Amino acid sequence: MTAKSTINRLPVEMLNEVFVWTSRPDDTSDSDPPQYLCISNSRSLPGQWISITLVCKHWRDVALGATELWRSVDAFNIVEGVELMFARSGTKSVDIGLHSETVILEALPLLATHAGRVRSLSLCWGHPEPLSDVDFAMSTRVLAEISRMEFPVLESLRYNAAGMDTPVMDGAPGPDSYIWEGMSPTRLPALQELYLGQSHFPWNSALYRQLRVLHLAEIALVSDASPGMLDLDGFMALIGGCQMLEELTLLYSLYLNFPPDIHLSDDELDPVRTVDLPNLRTVYIEGSKFWVQPSEVYQVLGHMRLSPLVDIAILLAYDEESVHSNPLLHIIPRSAANLPILHTATFLTIRTILGRYASYIAESSRTESGMLEVTLQNGENEREREEHWTYDFDEGLIDICTIFAEARVRILTIIGQELEAYSLTTALRLLESLNNIEVKCRDLPSWHTLLQVLSSPAPGGGVVAPRLRVLNVWPPEWYEDLLQDIETCLNWRSQNGQELQRVIVNAHGRPSGDEDVEMQHNYRIGYLRVLVTQSVVFQDLEEPWWEQSD
């Protein structure tokens with residue numbers, strides 16, 4: 001590229017800014033650092049911005065002098081990338097990822113020299129097998145040296161000891177737990193984010209009190225004073241001490257001594273401390289059938305008093321061996337004092353794909369915080385999923401509506417198949433404030449069940465969903481009598497004093513170009529409009545609704 005090129009006539013400061021923007025991944029904000037420069041022994045450079053140094057000498061000179069570009073590095077096998085980063089980032093704070101025991105050892109002198117500039121530090125042993133005694137001794141020494149360093153501006157610390165020790169499932173303290181005892185607020189005064197994976201860490205560390213983000217993945221919390229697995233009371237004491245905490249993530253990490261009994265009401269929860277977490281905004285819990293049972297999630301949530309603005313997401317895998325009857329009732333404690341969403345929810349969404357997963361989402365508002373999402377995944381392999389999926393659509397529909405029966409749920413969305421009349425009738429009776437229903441059916445029997453329920457007397461008299469005003473339906477396909485079936489349903493409700501305001505029909509497969517079909521369609525739509533107080537909308541879909549992207 002010649003010096004006369006338009007872009008090369010830009011001031012260096014502006015070209016520098018262009019390079020910095022190029023270095024950021026598409027999904028990051030203006031305040032995020034450039035994409036990590038990743039260097040391995042294969043000289044692989046996934047950071048796309050590095051290619052700008054190969055365009056011309058002018059660009060290379062500008063890029064090499066742009067300290068902002070060199071503030072982040074991930075080193076996997078060689079330490080040269082860390083040396084480059086410190087050399088070219090000037091005096092700016094830096095983000096470092098060290099992803100093998102070798103590179104961690106080689107980077108120790110650099111860390112010791114530049115500890116005052118490290119803003120985030122990620123340590124990952126990345127060892128596929130447990131270490132030998134020699135390697136383990138070396139790793140222990142490395143951790144000991146790091147624990148004695150002072151990092152005055154370190155805001156984020158990530159530590160993953162995969163392969164360093166035997167599995168932490170038994171809760172036995174490992175050597176790294178005692179080494180981490182040296183990591184204190186004095187040495188890490190700015191620490192706000194702590195990410196721990198497959199590690200032992202002291203539960204009584206004073207560092208927890210200053211955290212805003214705590215992420216625990218496959219870890220065991222231990223201490224000298226109380227070796228072994230931490231009990232629920234101790235864990236709640238740990239969490240309760242994190243009064244600044246805004247984000248809590250537990251991935252396969254509930255290795256606690258839980259009370260053996262499963263309780264289904266707030267006043268029967270075990271008499272351990274309940275903690276207030278007024279600043280917490282995000283809770284994410286993920287587990288598998290082997291490690292995290294729904295009763296443990298229930299016990300942890302049942303001893304937290306959360307803000308109405310908190311977003312809670314739970315992902316659990318289970319199969320025929322680990323599933324309880326009515327598992328949702330064993331996951332979500334029914335106490336609005338702990339989970340305000342149980343009273344504030346106005347939107348409820350149930351989505352299932354037979355043999356794969358079931359998702360339940362409650363929201364206070366579609367535009368503000370305040371959400372609870374529970375996803376249950378089938379833990380079996382693909383061939384066995386349908387046979388082992390024992391928690392069916394209907395049971396989950398009744399359970400989630402039972403849990404949110406005290407809330408003023410106004411909008412219910414159901415996405416699934418094999419819907420039965422009893423479960424739908426029961427669910428609609430539980431949600432007394434319901435005025436808007438959206439149903440997406442993947443099978444015709446479920447579609448006919450929906451129309452049958454909405455046009456039948458409710459048990460005990462009256463109609464099902466008496467406050468219903470808007471019906472938004474997505475049948476699995478268009479068929480000749482589709483609008484006539486909807487007409488029969490609306491006519492029955494109208495005759496019983498329960499006219500709807502709006503009806504929206506979304507269907508795929510309606511024939512086009514046939515004048516008789518079009519005339520009959522327009523006639524039916526016109527008659528439907530007589531049966532509602534506002535409008536009827538029919539939308540032709542180009543493909544089945546389940547093949548459309550969200």
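**Exercise 1.** Within what distance do the axes of helix α14 (residues 444-454) and helix α15 (residues 482-495) come, and at roughly what angle do they cross?

*Solution.* The model is predicted: local features need pLDDT of at least 70, side-chain atom pairs count only at pLDDT 80 or more, and totals for chains, interfaces and linings use all residues. Residues are numbered from 1 along each chain as its sequence is written, and side-chain values use heavy atoms, with hydrogens and water left out.

Step 1. Helices are DSSP runs of H or I with at least four residues, strands are runs of E with at least two, and both are numbered from the N terminus. Axes are lines fitted to C-alpha atoms, for helices over the stretch in contact, with angles from 0 to 180 degrees between N-to-C directions.

Step 2. The axes of α14 and α15 come within 9 Å, and the crossing angle is roughly 20 degrees.

Step 3. Angles under 35 degrees count as roughly parallel; α14 and α15 are therefore roughly parallel to each other.

**Exercise 2.** Identify the residues through which α14 and α15 meet, and sort them by class.

*Solution.* Step 1. Contact means heavy atoms within 4.5 Å. From α14, the residues are W447, H448, L451 and L454; from α15, they are L482, D485, I486, C489, W492 and R493.

Step 1. The contact of α14 with α15 has seven nonpolar, one polar and two charged residues. Here Ala, Val, Leu, Ile, Met, Phe, Trp, Tyr, Cys and Pro count as nonpolar, Asp, Glu, Lys and Arg as charged, and the others, Gly among them, as polar.

**Exercise 3.** Determine how far helix α7 (residues 232-240) is covered, and describe A237.

*Solution.* Step 1. Buried means under 20% relative accessible area, exposed over 50%, and partly exposed in between (1.4 Å probe, protein chains only). Seven of the nine residues of α7 are buried, including L232, F235 and I239.

Step 1. A237 is found in α7 and counts as partly exposed because its relative accessibility is 27%.

Step 2. The C-alpha atoms of A237 and R273 lie 7.3 Å apart in space, although the two residues are 36 apart in sequence.

Methods: Parallel < 35°, antiparallel > 145°, perpendicular 65-115°, else oblique.
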